[in-house]
Amino acid sequence: MSAHPLPRRFPAPDTRNPVLLPDGTPHEPTVFLQAVIDHPNIEVGRYAYYSPLVPVRDAAAELAPYLYPGCPERLVIGAFAQIAHGVRFITASANHPMGGITTYPFRIFDMETAGKYLEENAAIGDTVIGPDVWLGFNAMVMPGVRIGAGAIVAAGSVVAQDVPPFAIVAGNPARVVRSRFSTDEIARLLDLAWWDWPVEAIQRALPALEAGDVAALAEHAP
C-alpha cells in the first residue's frame, strides 16, 4: 500500500479545468467532459476527462466529428474515462452506404429521402466507452465499438472490434496484448464497480486502487 497521504482536494465533476499546475493556475487544455459537452447524442459519465495538447473550442466536435444532433447513434463515455490528445470516435454516421454498387452518399443532400441510409448506420449501433478506460494519444475508435471497463488502448491504436474489460490493446487493427488482471479478479472488479461509489469512498480506497489490490479494494466497498 502507498504510504503517501490521501489528496485533500478532489474537484466537482462539473469543474471545467480540474487540474491545477504547481503555481495554482488551471491547466486549460484538460477538461472534465461533463462541463464542456452539451450534445444530444453524447452521454458522459462523471469525472471523465479529455486532455488535448491545446484548449479546444468544441470538445464534442473534436472527439466525434461525424456525430451530429439527430444522428441515429450515440457516443457513451463512462465515468472516470481518460482521453488523450488526438483521440477520435468515428461514429456510425461517418459510414457511407455499402449495400449497393456505389458508396457515394447521394442521399445526404436530401435527408428526407435518406431513410434506408440512416437505417444502415443505425444498425451499427452506439459507440460505448466503459468506465475507467484509458484511451492513449491519437487512438481511433471505429463505429459501434464497445470498450469494456478498465481497458487501456495504446497510443495510435485503431480499435475496430469490441475490447474486453481490463484488457490492454494495441496496433492497427488493435489486438489484445494482455489482460490487466486474472479472470476471477476481473469478475470481482466488475462486481465492485468502484466507479459508481460515492467519491468519499473512492478517496478512502485510493491506496488499494493504486496498489492493484482487489481484495483490499473490496474491504472499502460501501
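Analyst: Start with residue classes: Ala, Val, Leu, Ile, Met, Phe, Trp, Tyr, Cys and Pro are nonpolar, Asp, Glu, Lys and Arg charged, the others, Gly among them, polar. The model is predicted: local features need pLDDT of at least 70, side-chain atom pairs count only at pLDDT 80 or more, and totals for chains, interfaces and linings use all residues. Numbering runs from 1 along each chain as its sequence is written, and side-chain values use heavy atoms, without hydrogens or water.

User: How do the residues of the lining of the second largest pocket divide by class?

Analyst: A pocket is an open set of points on a 1 Å grid over the protein atoms alone, where a 1.4 Å probe fits, with protein on both sides within 12 Å along at least five of seven lines; lining residues have an atom within 4 Å of a point. In this lining, 11 residues are nonpolar and five are polar, with no charged residue. The volume of the second largest pocket is about 320 Å³. Its lining holds 16 residues, and Tyr-66, Tyr-68, Ser-93, Ile-108 and Tyr-117 are the closest to the centre.

User: What volume has the largest pocket?

Analyst: Volume is the space filled by probe spheres set on the points, which are joined across faces, edges and corners. For the largest pocket that comes to about 830 Å³. Its lining counts 33 residues, with Phe-80, Gln-82, Asp-132, Trp-194 and Leu-206 closest to the centre. Helix 5 (199-204), helix 6 (206-211) and helix 7 (214-219) each give two or more residues to this lining. Helices (H or I, at least four residues) and strands (E, at least two) are DSSP runs, numbered from the N terminus. Helix 6 supplies the largest share of the lining of the largest pocket, four residues. The classes here are 23 nonpolar, five polar and five charged residues.

User: How many aromatic pairs does a search of the whole structure find?

Analyst: Rings of Phe, Tyr and Trp (its six-membered ring) pair if their centres lie within 6.5 Å; planes under 30 degrees apart are stacked, over 60 edge-to-face, the rest tilted. The search finds nine such pairs. Take Phe-10 and Tyr-47: this pair is tilted, at 4.9 Å centre to centre and 55 degrees between the planes. Distant parts of the chain are linked by the pair, since the two residues are 37 apart. Phe-10 sits in the segment before strand 1 (31-32), and Tyr-47 in the loop between strand 2 (42-44) and strand 3 (49-51). Ring pairs also build a cluster of Phe-10, Phe-32, Tyr-47, Phe-80, Phe-166, Phe-181, Trp-194 and Trp-195.

User: Is Tyr-47 buried or exposed?

Analyst: Buried is under 20% relative accessible area, exposed over 50%, partly exposed in between (1.4 Å probe, protein chains only). Tyr-47 has 8% relative accessibility, so it counts as buried. Phe-10 has 41%, so it counts as partly exposed.

User: Which residues of the largest nonpolar core touch the most other members?

Analyst: Nonpolar side chains tend to be buried together in soluble globular proteins. A nonpolar core is a set of buried Ala, Val, Leu, Ile, Met, Phe, Trp, Tyr and Cys residues joined through side-chain atoms within 4.5 Å. Here the largest core has 33 residues, and Leu-33, Ile-83, Phe-89, Leu-135 and Ile-147 touch the most other members. Strand 2, helix 2 (59-63), strand 4 and strand 13 each give two or more residues to this core. Helix 2 gives the most, three residues.

User: In what order do the strands of the open sheet of four run?

Analyst: Two strands pair if DSSP finds at least two bridges between them. The order is 2-4-7-10, with parallel pairing. Strand 2 and strand 10 (146-147) are at the edges with a single partner strand each, so one side of each has no neighbour in the sheet. Strand 2 and strand 4 (residues 75-77) run parallel, joined by three bridges. Ile-42 has Leu-75 in strand 4 as its bridge partner.

User: What order has the open sheet of three strands?

Analyst: That order is 6-9-12, with parallel pairing. Strand 6 (88-89) and strand 12 (158-159) stand at the edges, each with a single partner strand, so one side of each is left without a neighbour in the sheet. Strand 6 pairs with strand 9 (residues 140-141) in the parallel sense over two bridges. Opposite Phe-89 stands Val-141 in strand 9.

User: How many bridges join strand 13 to strand 14?

Analyst: Five bridges join strand 13 to strand 14 (residues 174-179), and the two run antiparallel. The two strands form a hairpin, with two residues between them. Ala-170 is opposite Arg-175 in strand 14, and Val-169 is opposite Val-176 in strand 14. Val-169 in strand 13 is also the bridge partner of Val-153. Strand 11 (residues 152-153) and strand 13 (residues 167-171) run parallel, with two bridges.
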